[in-house]
Amino acid sequence: MNHPMNYSGIVPLVFLVIENDADREAITELYLSYRNLFIKVAREYFGKNDAEVEDAVAATAERLCKYSEDFLRVPRKKMPLYMVYTISNVCRTRMRKLREE
């Protein structure tokens, strides 16, 4: 089922596992800042398949959470490149798994 993806202010619950309040806030801000980019990149891989796009964006949020300390050390100037790299890797992994099914 296709439906418009407009969750611009919704924050994934997975961020609650980040114990440090400042880190959680920084990762949340990072996610919200780049969410539209994540969707755009995921659409390049999955087209109009909203379910796969949503899953890729959610998996990217999980990766941001899992490696939050690493992401928070990335210089601000390099962050867009890191975000594209991260969502692209997530999408490629998902594509590989879909082909295997």
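Analyst: Happy to! Let's start at the surface, where R92, R96, K97 and R99 gather in a patch of positive charge. In this kind of count, Lys and Arg are positive and Asp and Glu negative, while His and the chain ends are not counted. A patch is built from residues with over 30% relative accessible area and no salt bridge, with like charges joined within 9 Å. Each charge is placed at NZ of Lys, CZ of Arg, CG of Asp or CD of Glu. The areas come from the Shrake-Rupley method with a 1.4 Å probe, and for residues only the protein chains shown count as cover.

Before going on, a word on the source: this is a predicted model, in which local features need pLDDT of at least 70 and side-chain atom pairs count only at pLDDT 80 or more, while totals for chains, interfaces and linings use all residues. Residues are numbered from 1 along each chain as its sequence is written, and side-chain values use heavy atoms, leaving out hydrogens and water.

Helices here are DSSP runs (H or I, at least four residues), numbered from the N terminus. R92 has a relative accessible area of 37%, so it is partly exposed; buried means under 20%, exposed over 50%, and partly exposed in between.

Now for the salt bridges, of which the structure holds five. The term means a side-chain nitrogen of Lys or Arg within 4 Å of a carboxyl oxygen of Asp or Glu.

One of them joins E52 to R94, with 3.0 Å between the closest N and O atoms. This pair links distant parts of the chain, since E52 sits in helix α2 (residues 50–66) and R94 in helix α4 (residues 79–100), 42 residues apart. E52 is buried at 12% relative accessibility, whereas R94, at 23%, is partly exposed. Both also belong to a network of salt bridges that links E52, D55 and R94.

Another bridge pairs R43 with D50, and here the closest N and O atoms are 2.6 Å apart. R43 is partly exposed at 29%, while D50 is buried at 5%.

R73 counts as exposed at 59% relative accessibility, and D70 as partly exposed at 40%.

Methods:
Buried < 20%, exposed > 50% of the residue type's maximum accessible area, 1.4 Å probe, protein only. Helix = DSSP H or I, 4+ residues; strand = E, 2+ residues; numbered from the N terminus. Patch = residues over 30% accessible without salt bridge, like charges linked within 9 Å, V, L, I, M, F, W, Y side chains within 5 Å.
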